[in-house]
Amino acid sequence: MKDERLYGKFTLSFPNHRKIAILSDAAFRCLVEATLWSRSEMLDGLLPRRYALATWSVDVLAELCNNDDEKPSLIEVESGWRIHDYAEHQETKSEIEARRERNRAAGQKGGLAKAKRGAKRNGKQPASDALSQSVSREREREREISKGGYVSEVPHLHAETEQNHPDPESPSDETNEPPRFCARHMPSGTLERCGACAEARKEHDRWLAGLDIQAKARAQREGRELVAQRQAAAVTAAAEVANCTLCNDDGYRTNGLVCDHVDHAASTTNGRAAARAALADLAPRKHA
């Protein structure tokens with residue numbers, strides 16, 4: 001049985017390359033995952049910014065952008081990040097489409113030759129009309145399969161088209177959940193093979209993935225804001241300690257208390273003076 005799975009290409013010496021061997025475990029995994037994901041999506045090495053930030057940390061992406069002075073593994077572009085020299089090691093979208101077209105043409109020629117040989121053995125002329133229809137169906141099947149769809153002879157089952165693929169940059173609508181099954185098999189689905197249900201399930205999975213990407217991006221954004229706030233507070237506190245003459249470099253006064261950087265000497269003196277004046281005023285009344 002023909003293996004229909006997709007593959008990425010990595011040399012046996014890949015982990016030992018000078019700019020790969022220095023990577024952290026997280027950065028190494030990120031590079032491999034990014035290469036395989038871009039190949040499966042036929043994006044020619046592009047990692048859209050929304051997807052990349054929702055999948056990997058900013059520090060890991062930055063590490064891959066700086067693991068070599070001339071040829072880093074990732075290059076930041078306006079729309080996200082691009083894998084360096086991707087086309088030299090992996091199949092590009094145009095190469096994949098050209099290969100599929102060659103396979104389709106070869107299959108078509110083989111089908112025509114087989115039909116002619118069968119007709120000749122049976123002593124009959126080739127059925128031109130039936131053969132033309134068969135070739136047309138095969139061509140349509142190849143076009144649909146190249147788009148990733150499932151083809152069925154049943155009219156209500158249709159292949160997946162590009163219109164069913166949302167832009168990976170577009171967020172999902174949290175309030176508009178798509179159905180899990182086709183209209184014919186709602187609401188409980190079916191145990192039989194149904195292309196329309198498969199298409200609906202894929203659409204629902206993409207909707208869930210979109211929600212997950214939004215949640216991860218929101219969490220990372222909030223985390224970065226919190227870190228920025230803490231850093232700003234730390235800078236402000238350090239500046240206050242540096243400019244204060246009442247405490248040491250660690251922010252403590254001579255009495256061991258945390259310094260609030262306010263000189264309370266004047267207010268303390270004024271308070272004592274006021275207390276003494278009040279006591280002096282009460283003394284004559286006490287002896288009266």
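1. **Elements.** The protein has nine helices and three strands. The model is a predicted one. From the N terminus, the order is α-α-β-α-α-β-β-α-α-α-α-α.

2. **Burial and surface.** The protein has 288 residues, and 25% of them count as buried. Its accessible surface is about 20600 Å². Carbon and sulfur atoms hold 53% of that surface.

3. **Contacts along the chain.** Take the contacts with a separation of 6 or more: 54% of them join residues 24 or more positions apart.

4. **Helix 4.** This helix covers residues 58-65. Its buried residues are Val-60, Leu-61, Leu-64 and Cys-65. Viewed down the helix axis, they fall within an arc of 140°, so they line one face of helix 4.

5. **Nonpolar core.** The largest nonpolar core has 23 residues. Leu-47, Trp-56, Leu-61, Leu-64, Leu-74 and Trp-81 touch the most other members. Helix 2, helix 3, helix 4 and strand 3 each give two or more residues to this core. Helix 2 gives the most, with five. As a general point, nonpolar side chains in soluble globular proteins tend to be buried together.

6. **Trp-56.** Which residues does Trp-56 touch, leaving out those up to four places away in sequence? They are Cys-30, Glu-33, Ala-34, Leu-47, Tyr-51, Leu-61 and Gln-220. Of these, Leu-47 and Leu-61 are also among the core residues that touch the most other members. Leu-61 is also one of the buried residues of helix 4.

How values were computed:
Residues numbered from 1 in each chain as written. Predicted model: local features only at pLDDT ≥ 70, side-chain atom pairs only at ≥ 80, totals over all residues. Heavy atoms only, no water. Buried < 20%, exposed > 50% of the residue type's maximum accessible area, 1.4 Å probe, protein only. Helix = DSSP H or I, 4+ residues; strand = E, 2+ residues; numbered from the N terminus. Arc of directions from axis to C-beta. Core = buried A, V, L, I, M, F, W, Y, C linked by side-chain atoms within 4.5 Å. Contact = heavy atoms within 4.5 Å. Areas by Shrake-Rupley, 256 points an atom, 1.4 Å probe, with all protein chains shown as cover.
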